[in-house]
Amino acid sequence: MAAVVQTHERECAVCTNDFNTPKILPCGHLLCRQCVISWIKSKSDPGCPLCTCPIIDNEDNSSQSSANVVDALPTDNVMEAIVENASILVKSDMCTVCDDVTAEYICMQCFEKMCPSCMKIHRKMVVSRSHDVESVSTVTPERLAASRPALCADHVTEKAEFVCVDHNLAICTPCFSNKHRACLDVKSLDEKMKSAEDAIGSLKEKLIKAEGKLKQAIHNLNVRVQTADVTEQQNMALVDKTCDRLQSMVDDCRKELKKLISDSVSKFKKSLCDVQSELDKRLGKVTSHKHLVTRATTVRPRPALIHAAQTLTDRVNSLDLSDKVEAELLVTPSSEITKYCDDVERDIGDELMSIREIVVVEVSSLFNLSHV
Ligand SMILES: [Zn+2]
Ligand SMILES: [Zn+2]
Ligand SMILES: [Zn+2]
Ligand SMILES: [Zn+2]
Ligand SMILES: [Zn+2]
Ligand SMILES: [Zn+2]
C-alpha cells in the first residue's frame with residue numbers, strides 16, 4: 001500500500017525538516033510551531049510562506065506575544081503522529097536487541113525493530129505470540145501510527161480504555177475508578193473513536209462536496225472567459241469586415257462622383273468646341289470675302305467692279321455674319337450626384353446600424369450570462 005503522506009509532505013517549508021509540533025495556519029498549510037514564531041518575528045506583515053495568506057489577524061493579536069498567538073493555532077495531531085512514527089522507521093536500521101545486525105522486521109505492537117532471529121524468538125514468546133510483525137520495507141508511518149495502542153495519560157504502560165471528556169484525557173480502567181470517579185463525562189475510548197471517525201468522515205464529505213462545487217465554479221468562470229475571447233475575436237473581425245466594405249463603398253463613391261463631374265464637363269467642353277469650329281468656319285468665309293472686297297476697292301477695274309459689287313453683295317448678304325451660335329448649356333449633374341450620395345449614405349447608415357446591433361447584443365450578452 002502506498003503511503004498516504006509522501007515524505008516531502010512531512011517537511012516544513014521553513015526549516016525543511018520533518019514537522020515539529022505542526023501548527024495549522026488559517027489557510028490550512030502546516031508549519032512547525034517554532035518556525036511560525038520565527039517567521040512571524042522576521043516579517044513585518046507575515047503571510048504563509050506557501051500561499052501568502054495572513055497567518056495572524058494583526059488587529060486582534062497586536063498586543064499578544066507571537067508565542068501566544070502561535071499556541072492559539074490548532075496542532076495537527078495526525079501529522080504529529082505520522083512524523084513520530086516515521087522517525088521510528090528511519091531512526092536506526094539495527095536490531096534493537098543485537099545492535100550489530102540489520103533489522104528487517106518491526107513489531108506493530110511493541111515498535112521494536114528486529115533481525116530475522118530475534119523475530120523468530122518474538123513470535124515464539126507467549127507475551128508477543130499474537131503480535132503483528134511485518135517487514136520494515138513495507139510498513140508506512142501511517143500504518144504504524146494507526147496500529148499504536150492508546151496509552152493512559154498517567155500510566156504510559158497501561159492501555160487507555162476510556163476518555164475523560166472533563167479532563168480531555170485518555171485513561172486506563174484503574175485511573176477511571178480512582179482519579180476520575182467524580183468526573184461527569186467519561187466515555188469508552190472505542191465510543192469516542194467511533195464518533196471522532198464519524199465527525200471526520202462527514203467533514204471529509206463536506207469538503208469534497210465544497211471542493212467539487214468550487215472547481216465547477218472556476219471551470220464555469222474559465223468557460224465564460226473563453227466565450228468572451230471568442231466573442232471579442234468574432235466582433236473584431238466583423239468590425240474589420242464591415243469597415244472594409246464601407247471603405248470600398250466610399251472608394252466607389254469617390255470614383256463615381258468624379259466620373260459624373262468629368263463626364264459632364266467633357267460634354268460641355270465638346271459643345272464649346274463645336275461652337276468654336278462653327279465660328280471658325282464663319283470667320284474663314286468672312287475673312288476671305290473681306291479680301292475679295294478689299295481687293296475690289298483697291299484695284300477698282302472698270303467695269304469689272306460693277307459686276308463685282310453685284311456679285312459680292314449677293315454673296316455677303318448670304319453669309320452668316322452673326323457671332324451667335326446655339327451652344328449647349330453646361331448641365332451640372334447635381335441631381336445625379338445628390339441621388340448617388342443619398343444612396344451611398346443610406347447604404348453606409350444601414351451597414352453601421354446592423355454592425356452596431358450585432359456587436360451591442362453580443363457583447364452585452366456576455367454580461368448577462370446567468371451566474372455560476
Ligand atoms: Zn519547521
Ligand atoms: Zn498557506
Ligand atoms: Zn511485539
Ligand atoms: Zn536481533
Ligand atoms: Zn492510568
Ligand atoms: Zn476526569
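## Residue V97

V97 counts as partly exposed, because 15 C-beta neighbours lie inside 10 Å of this residue, and the cut-offs are 20 or more for a buried residue and 12 or fewer for an exposed one. The model described here is predicted.

V97 is placed in the loop between α4 (77-91) and β3 (105-107). When neighbours within four places in sequence are left aside, V97 is in contact with M114 and C118. V97 and A237 are 140 residues apart in sequence, and their C-alpha atoms are 81 Å apart in space.

## The annotated domain

According to an unreviewed UniProt entry, residues 12-52 carry the annotation "domain: RING-type". Over residues 12-52 the chain is 24% helix and 15% strand. The end C-alpha atoms of this stretch are 15 Å apart.

## The three-stranded sheet

Three strands form an open sheet in the order β7-β6-β8, and their pairing is antiparallel. Strands β7 (169-171) and β8 (186-188) stand at the edges with a single partner strand each, so one side of each has no neighbour in the sheet. From one strand to the next, the twist averages 30°.

Strand β6 (residues 162-164) is joined to β7 by three bridges, and the two run antiparallel. Within this pairing, V163 has A170 in β7 as its bridge partner.

## The helix on the sheet

Helix α8 (residues 189-299) packs on the sheet and touches β6, β7 and β8. The direction of α8 makes about 85° with that of β8.

Note on methods: Residues numbered from 1 in each chain as written. Chains lettered and ligands numbered in written order. Predicted model: local features only at pLDDT ≥ 70, side-chain atom pairs only at ≥ 80, totals over all residues. UniProt positions renumbered as here; feature names shortened; annotations may be inferred. Helix = DSSP H or I, 4+ residues; strand = E, 2+ residues; numbered from the N terminus. Pairing = 2+ DSSP bridges. Axes fitted to C-alpha atoms, helices over the stretch in contact; angles between N-to-C directions. Contact = placed C-beta atoms within 7 Å.
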